[in-house]
Amino acid sequence: MESEGAGMERPLISVIIPTYNRPDFLCELLESLWRQTYRNLQIIVVNDAGEPVDFVRELYPELDLTVVNMERNSKHVHARNRGLTLARGELIMLCDDDDLLLPTHVERMVRELADCDMVYSDVEIFDYKLEGPVRRATSRFVFAYEHDVEAMRRFSTFVSSGCLFRRELYDRLGPFDVDMYHYWDWDFFLQAVEHYRVKRVPVASALYAFSGAGDNMSGNLEDMRPYLDKLSAKHGLGTLPTKNFFLLLEEPEVKVRRAQTEVLWDGAPIISRRMAEGGG
């Protein structure tokens, strides 16, 4: 496939993926990375003491793929930090193991990074049902909001999956804060915009998965409150609400920030080699 940016400088990008007991979803993500028009990728999968996923190196031998096995289940922030220590790239991209990137995502992010230090895209959030190991979308909606730093101190619309940033951010800001278990990404965004140029890219080229009632997007609100208070104290955010994610989207101050974006996904599932070979 001819890349849309064939003549541009193609720096190495280190893609950091923490994973835990979701090998089929991980393989879908790796398939989506293999399909990228931008090929200069170092992919680091950090297995957080879950079931073995070393087989993915043989499944996708064309990828520069490293699997790191944590000695104990230390949770996702520690896993990301471990992956960052192995990054060789001058650019870094973050991904969750159950999310997906459309084929031109990385190419577009690299191009958009030319005039700033970190970029993030809009996303499509999709619910799904499982047909064997294959996730088929049952509903989907676009998550696209204007980049308003002051408003994002009240409700963050930064999506970390698929975000791309220069290595110097990590070198200056240091590892992700492990005390921000539920809000590490919001914390990272607030630190980044304080010191660097951050830009939203108006294209929904990342796919954010949830299933059922969206539990993984709201969590247990009582459990999240202490982390939200800790985040607020760290950044001087005042009292923040702990409403369900979907209720927060209906708040007037959030609705007014809805933005136009380019929608690329045709709704078709990503069929990984593991699925095609009957694995899972």
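In this predicted model, the buried residues of helix 1 are Pro23, Asp24, Phe25, Leu26, Cys27, Glu28, Leu29, Leu30, Glu31, Ser32 and Leu33. Helix 1 is thus mostly covered, with 11 of its 12 residues buried. The helix covers residues 23–34. At 1.5 Å a residue, helix 1 should span 16 Å, and its end C-alpha atoms are 16 Å apart, so the two values agree.

Helix 6 was examined in the same way. It comprises residues 184–195. Nine of its 12 residues are buried, and the helix is described as mostly covered. Trp184, Trp186, Asp187, Phe188, Phe189, Leu190, Gln191, Ala192 and Val193 make up the buried set.

Helix 6 packs with helix 8, residues 221–235. The angle between them is about 10 degrees, and their axes are 11 Å apart. Angles under 35 degrees count as roughly parallel. Helix 6 and helix 8 are therefore roughly parallel to each other. On the helix 6 side, the contact involves Trp186, Asp187, Leu190 and Gln191. On the helix 8 side, it involves Leu228, Leu231, Lys234 and His235. By class, the contact has four nonpolar, two polar and two charged residues.

Phe189 is also placed in helix 6. Its relative accessibility is 0%, so Phe189 counts as buried. Contacts with residues up to four places away in sequence were not counted. On that basis, Phe189 touches Met118, Tyr120, His147, Met152, Phe158 and Val198.

Arg80 provides a charged case. This residue is in helix 3, which runs over residues 76–84. Arg80 has a relative accessible area of 4% and is therefore buried. Leaving out residues up to four places away in sequence, Arg80 touches Ile16, Pro18, Asp96, Phe176 and Trp184. Trp184 is among the buried residues of helix 6. Arg80 and Ile17 are 63 residues apart in sequence, yet their C-alpha atoms are 7.0 Å apart in space.

Glu262 lies in strand 10, residues 262–263. Its relative accessible area is 39%, so Glu262 is partly exposed. Beyond residues up to four places away in sequence, Glu262 touches Arg108, Pro202, Val203 and Ala204. Glu262 and Pro18 are 244 residues apart in sequence. Their C-alpha atoms are 28 Å apart in space.

The structure holds zero disulfides. The sulfur of Cys116 has its closest cysteine sulfur in Cys163, 11 Å away, which is too far for a bond. A disulfide requires sulfur atoms within 2.5 Å. Cys163 is in no disulfide either, and its nearest cysteine sulfur, that of Cys95, is 8.3 Å away. Cys116 counts as buried because its relative accessibility is 3%. Cys163, at 0% relative accessibility, also counts as buried.

Ala49 has a phi near 60 degrees, a positive value in a residue other than glycine. Ala49 is placed in the loop between strand 2 (41–47) and helix 2 (56–59). At 33% relative accessibility, Ala49 counts as partly exposed. Lys75 likewise has a positive phi, near 80 degrees, and is a residue other than glycine. Lys75 is placed in the loop between strand 3 (64–69) and helix 3 (76–84). Its relative accessibility is 39%, so Lys75 counts as partly exposed.

Note on methods
Residues numbered from 1 in each chain as written. Predicted model: local features only at pLDDT ≥ 70, side-chain atom pairs only at ≥ 80, totals over all residues. Heavy atoms only, no water. Helix = DSSP H or I, 4+ residues; strand = E, 2+ residues; numbered from the N terminus. Expected span 1.5 Å × (residues − 1). Buried < 20%, exposed > 50% of the residue type's maximum accessible area, 1.4 Å probe, protein only. Axes fitted to C-alpha atoms, helices over the stretch in contact; angles between N-to-C directions. Parallel < 35°, antiparallel > 145°, perpendicular 65-115°, else oblique. Contact = heavy atoms within 4.5 Å. Nonpolar A, V, L, I, M, F, W, Y, C, P; charged D, E, K, R; others polar.
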